[in-house]
Amino acid sequence: MTPLVANIEDLPKSLTSFQEGDIVIAKVTPCFENGNIAIAPHLPQNYGLGSSELFIFRPFGVQTKYLFYYFQATPFKDACASTMTGIGGLKRISADFLRICSVPLPPKKIQIEIARYLDETCKQAELLIQEKEKQVKVLAQYKQSLIYEYVTGKKAVPM
């Protein structure tokens with residue numbers, strides 16, 4: 001696939017720039033509440049542009065994955081949501097809150113252990129979810145098959 005190419009001068013000035021490895025967080029509802037938080041991976045030229053409705057965090061002196069998981073934690077998201085201002089479906093997180101909020105920073109070795117543990121736990125949870133989704137699909141097919149057999153008279157309704 002050919003990457004899109006544009007002259008930087010032709011792009012809107014409101015775009016937010018980020019670099020590979022930055023953490024990108026949606027500023028607005030419902031995107032923030034839906035967990036739209038990501039680590040920017042594999043960017044061409046290690047650089048990207050996104051909506052002006054993004055906060056960008058460039059981790060210095062902290063493990064990126066640790067900070068990523070912290071930003072996904074319910075207490076952090078609840079604290080951010082409590083600072084939202086605006087109307088309707090476009091409330092925004094307070095940038096001032098993000099500038100002053102504190103992040104607990106255990107030693108780097110512990111940050112790495114926490115991130116590895118959460119990576120593995122999330123991986124296991126995802127595998128369980130996939131297995132349950134397969135089971136639901138099989139049961140749905142079985143249900144459809146039963147319905148078909150009874151509707152077409154291939155099976156009789158017990159009296």
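Student: What covers the buried residues of helix H1 in this predicted model?
Tutor: The cover includes strands E2, E3 and E5, along with helix H2 (74-81) and helix H4 (108-151). The residues in question are Tyr66, Leu67, Phe68, Tyr69 and Phe71.

Student: Why is Phe71 called buried?
Tutor: Buried requires under 20% relative accessible area. Phe71 is at 2%, so the label holds.

Student: What makes H1 a helix that packs on the sheet?
Tutor: Contact means heavy atoms within 4.5 Å. Helix H1 (residues 64-72) touches E2, E3 and E5. The direction of H1 makes about 175° with that of E3.

Student: Which order do the strands of that sheet take, and in what sense do they pair?
Tutor: The order is E3-E2-E5, in an open sheet with antiparallel pairing. The edge strands are E3 (37-39) and E5 (54-57), since each pairs on one side only. From one strand to the next, the twist averages 20°.

Student: How do you know that E2 and E5 pair?
Tutor: At least two bridges are needed. Strand E2 (residues 23-26) and E5 have four bridges, so they pair, in the antiparallel sense. Within that pairing, Ile25 stands opposite Phe55 in E5.

Student: What makes Lys27 a charge over the ring of Phe55?
Tutor: The distance must be within 6 Å of the ring centre. The charged end of Lys27 is 5.0 Å from the centre of the Phe55 ring, and it sits over that ring.

Student: Why is the pair of Phe71 and Phe76 called tilted?
Tutor: Two tests apply. Centres must lie within 6.5 Å, and those of Phe71 and Phe76 are 4.9 Å apart, so the rings pair. Stacked needs planes under 30 degrees apart, edge-to-face over 60. The angle here is 35°, therefore tilted. Phe76 is buried as well, with a relative accessible area of 4%.

Student: Which residues do ring pairs link into a cluster?
Tutor: Phe57, Tyr70, Phe71 and Phe76. The aromatic pairs come to five in the count.

Student: How do you know that there are zero disulfides?
Tutor: A search of the whole structure finds none. For Cys31, the nearest cysteine sulfur is that of Cys80, 14 Å away. For Cys80, the nearest is that of Cys101, at 6.3 Å. The cut-off is 2.5 Å, so neither Cys31 nor Cys80 is in a disulfide.

Student: Are Cys31 and Cys80 buried, exposed or partly exposed?
Tutor: Cys80 has a relative accessible area of 0%, so it is buried. Cys31 has 29%, between 20% and 50%, so it is partly exposed.

Key
Residues are numbered from 1 along each chain as its sequence is written. This is a predicted model: local features need pLDDT of at least 70, side-chain atom pairs count only at pLDDT 80 or more; totals for chains, interfaces and linings use all residues. Side-chain values use heavy atoms; hydrogens and water are left out. Buried means under 20% relative accessible area, exposed over 50%, partly exposed in between (1.4 Å probe, protein chains only). Helices (H or I, at least four residues) and strands (E, at least two) are DSSP runs, numbered from the N terminus. Axes are lines fitted to C-alpha atoms, for helices over the stretch in contact, and angles run from 0 to 180 degrees between N-to-C directions. Rings of Phe, Tyr and Trp (its six-membered ring) pair if their centres lie within 6.5 Å; planes under 30 degrees apart count as stacked, over 60 as edge-to-face and the rest as tilted. A charge sits over a ring if NZ of Lys or CZ of Arg is within 6 Å of the ring centre and within 35 degrees of the ring normal.
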